[in-house]
Amino acid sequence: MSATPRTAGTTPPRSAAVDVFELGAEHEQVVFCNDPATGLRAIVAIHSTALGPALGGTRFHPYASTDDAIADVLDLSRGMSYKAALAGLDLGGGKAVIIGDPATTKSEALLRAYGRFVQSLAGRYYTACDVGTYSEDMDHVARECSFVTGRTLAHGGAGDSSVLTAYGVFQGMRAAAEHAWGSTSLEGRTVGVAGVGKVGRHLVRHLVSDGARVVVTDVHAPAVERVLAEHAAGTGPAPVRAVGSTAELLAEPLDVYAPCALGRALTDDVVDVLSARVVCGAANNQLAHPGVDKALLDRGIVYAPDYCVNAGGLVQVADELEGFSFDRAEQRAARIYDTTRAVLETAAAEGVSPAVAADRLAERRMRDVGRLRGIWLGR
């Protein structure tokens with residue numbers, strides 16, 4: 001496997017038709033799921049089962065085209081392989097996307113039809129929640145499928161995986177702060193959080209508890225209003241304030257920038273104007289193209305790789321496979337601090353960006369452990 005940053009160069013120009021075999025040359029399997037009766041159009045991508053069955057969430061999103069959906073699911077599933085490997089899990093990488101607007105398209109019948117397709121993979125792929133899907137949705141999927149995690153607490157599941165995703169990002173941010181400033185504390189630091197949905201909201205809570213000043217933005221106004229209400233000031237200045245856009249957030253004098261919305265948030269233009277010394281957030285696939293990681297390094301910005309720090313949700317739903325224990329999962333998610341620290345130390349020692357160092361560590365585990373196994377055949 002190449003040590004090129006995982007997020008680099010995987011999306012073709014949107015004007016070109018996607019060649020699945022070319023774009024997914026590293027992938028083991030891509031499954032197209034079509035059920036006209038319910039309106040289901042879904043794609044499941046299994047990148048690697050070298051370390052175990054693939055596990056990854058189901059994203060429900062109104063993609064502009066099927067090509068966009070294919071490119072996204074291939075990117076995301078590859079990232080899950082690296083995420084699981086770096087987190088030390090005996091799991092491979094997979095992801096699914098359902099094409100459509102969840103506000104108007106999602107139904108019990110559609111989710112159950114999707115569950116039947118996942119069941120047909122016989123355990124090569126375990127699904128869970130992602131953008132546009134929730135634990136209650138996984139309960140519907142599980143009525144037709146045995147290979148579902150992230151279910152509600154009432155059904156013996158782990159519940160909302162965003163809780164430990166945010167906790168893991170916070171642990172990674174502590175490690176990055178230590179690397180940048182010599183202290184794990186964020187007290188007195190200004191942290192900009194772009195996206196305060198499921199994960200960003202919980203991350204803000206950790207930051208405020210640690211004494212940080214937080215500036216937030218989100219395209220969904222109610223999400224911002226909820227966070228501001230949760231952290232309204234009693235006396236003195238409020239610990240959280242909002243700005244109207246990501247551009248306004250980037251113009252703020254920040255110590256830490258936390259991209260927590262959709263991917264490709266770190267572009268050349270963003271790096272050029274960024275005042276933050278640390279970048280650490282929950283969004284997947286943050287690097288917009290090859291070379292952004294090097295640009296961050298050249299500017300002296302400490303980048304905590306996304307799939308390293310946002311692995312807490314994967315840790316949480318993976319724990320469900322053993323019979324869920326929140327305390328055990330939280331202890332495992334806390335290790336993201338150590339993993340992030342190891343990535344940053346490796347990057348410094350080898351003279352490479354943290355993105356390259358994280359890839360190397362993940363690839364080493366997939367190579368050393370994965371060669372002992374073949375393709376996962378399910379159960």
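The model I am reading is a predicted one. Ala122 is not a glycine, yet I find a positive phi of about 60° for it, and I place the residue in the loop between helix 4 (108–119) and strand 5 (125–129).

I then turned to Asn285, which likewise is not a glycine and has a positive phi of about 50°. I locate Asn285 in the loop between strand 10 (278–279) and helix 11 (292–298). Is Asn285 buried or exposed? I record it as buried, because its relative accessibility is 7% and buried means under 20%.

My next entry concerns a helix pair. For helix 6 (residues 162–181) and helix 13 (residues 312–319) I read a packing angle of about 135°, with the axes 6 Å apart. The crossing in which helix 6 passes helix 13 is right-handed.

Which residues make the contact? From helix 6 I list Val163, Leu164 and Thr165, and from helix 13 I list Gly312, Gly313 and Gln316. Sorting the residues of this contact between helix 6 and helix 13, I have two nonpolar, four polar and no charged, with Gly counted among the polar.

Notes: Residues are numbered from 1 along each chain as its sequence is written. This is a predicted model: local features need pLDDT of at least 70, side-chain atom pairs count only at pLDDT 80 or more; totals for chains, interfaces and linings use all residues. Side-chain values use heavy atoms; hydrogens and water are left out. Axes are lines fitted to C-alpha atoms, for helices over the stretch in contact, and angles run from 0 to 180 degrees between N-to-C directions. Helices (H or I, at least four residues) and strands (E, at least two) are DSSP runs, numbered from the N terminus. A crossing is left-handed if the near helix is turned anticlockwise from the far one by less than a right angle, and right-handed if clockwise. Contact means heavy atoms within 4.5 Å. Buried means under 20% relative accessible area, exposed over 50%, partly exposed in between (1.4 Å probe, protein chains only).
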